[in-house]
Amino acid sequence: MSSAVHDTFAIERTYPAPIERVFAAWASIEAKSQWFGDDAEVESIDEHTLDFRVGGGEHLTAKAGGSVYEFDSRYYDIVENERMVWAYEMYVDGRRMSVSVGSVELTPVPGGTRLVMTEQGTYLDGLDTSEQRAAGTREFLESLARYLERTA
Amino acid sequence: MFAALADPTRRRLIEHLGRGPAAVSELARPLPISLPAVVQHLQVLEGCGLVRSEKVGRVRTCRLEVTRLQTVQDWIDDRRRGWERRLDRLGEYLAADPAPGIQPAPETQPAPEITANPEPKGENR
């Protein structure tokens, strides 16, 4: 039994900062490490490297919730102060969970910069054991109820 | 479907199956009701598509039909929430650490036309 599920989502933000600064926040390890992996759920970041150029990539290893998350990406397109496109894999405890194409597009707007981040993902199986079993019973029933509402 | 879930025994069966596929006898063991009663409850769950069962030899094994799909959906939701938090942190980073030589915003409150960000800041802190 194997399968892949496809999904696309886009998130938009507008920052009161010039486009050069928003772009620069993605373009160096010094800037990106300030915000990219620093999540409340993350227990530790064990490795983070960034080679911000076409053909270069980013690697991040972090621990969260008792699992090891690995993020491996490669840049395919970078236009300074405009956009970047990368592809990446996510691993949880050594298992490949998703392969995605991510892009960030920046547009100047009055007083700031609009950022649109789009992710086209292919989500792989392998989740049905660890993740589901880790979920608490109540959590599971709540998510089941959400699923039923969506599919009713 | 919600009617099927309204019964506490059926919810316990779903909870059990949420941990992985199980034989009917395994499902019945912790329950204070007879095996035929458990089978009846399972038939209700099968009838609305929540549970699938398969008989191999003398053992009927049940599995939750929505589990895998739901798990993938949870993962996708997680990925999206992760990016939302990251982009909020980017906003905090940009606000807290203006680069030298670039004029900071003249007011603490950003102009109304650029407050399109619908997410409250720092909600996950």
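Student: Why is B:Arg80 called partly exposed?
Tutor: The relative accessible area of B:Arg80 is 30%. Buried means under 20%, exposed over 50%, and partly exposed in between, with a 1.4 Å probe and protein chains only. B:Arg80 therefore counts as partly exposed. This is a predicted model, in which local features need pLDDT of at least 70 and side-chain atom pairs pLDDT 80 or more, while totals for chains, interfaces and linings use all residues. Residues are numbered from 1 along each chain as its sequence is written, chains are lettered from A and ligands numbered from 1 in the order written, and side-chain values use heavy atoms, leaving out hydrogens and water.

Student: What makes B:Glu84 and B:Arg80 a salt bridge?
Tutor: Their closest N and O atoms are 3.3 Å apart. The rule asks for a side-chain nitrogen of Lys or Arg within 4 Å of a carboxyl oxygen of Asp or Glu, so the pair qualifies. B:Glu84 itself is buried, because its relative accessible area is 15%.

Student: Which residues touch the most other members of the largest nonpolar core?
Tutor: They are A:Trp26, A:Trp86, A:Leu115, B:Trp83 and B:Leu90, in a core of 36 residues. A nonpolar core is a set of buried Ala, Val, Leu, Ile, Met, Phe, Trp, Tyr and Cys residues joined through side-chain atoms within 4.5 Å. Helix H5 (67-96) of chain B is one of the elements that give two or more residues, and H5(B) provides the largest share, 7 residues.

Student: Which residues is A:Leu115 in contact with, leaving aside its neighbours within four places in sequence?
Tutor: Contact means heavy atoms within 4.5 Å. The partners of A:Leu115 include A:Val22, A:Trp26 and A:Val104, together with B:Leu87 and B:Leu90.

Student: Which residues does the second, separate core include?
Tutor: This core of 15 residues includes B:Ala28, B:Val38, B:Val51 and B:Leu64.

Student: Why are S1 and S2 of chain B called edge strands?
Tutor: The open sheet has the order S1-S3-S2 with antiparallel pairing. Strand S1 (22-23) and strand S2 (51-56) each pair on one side only. Two strands pair if DSSP finds at least two bridges between them. S2(B) and strand S3 (residues 59-64) of chain B are joined by 6 bridges, so they count as paired. Across these strands, B:Arg52 stands opposite B:Arg63 in S3(B).

Student: What packs on the sheet?
Tutor: Helix H2 (residues 8-18) of chain B does, touching S1, S2 and S3 of chain B, and its direction makes about 90° with that of S3(B).

Note on methods
Helix = DSSP H or I, 4+ residues; strand = E, 2+ residues; numbered from the N terminus. Axes fitted to C-alpha atoms, helices over the stretch in contact; angles between N-to-C directions.
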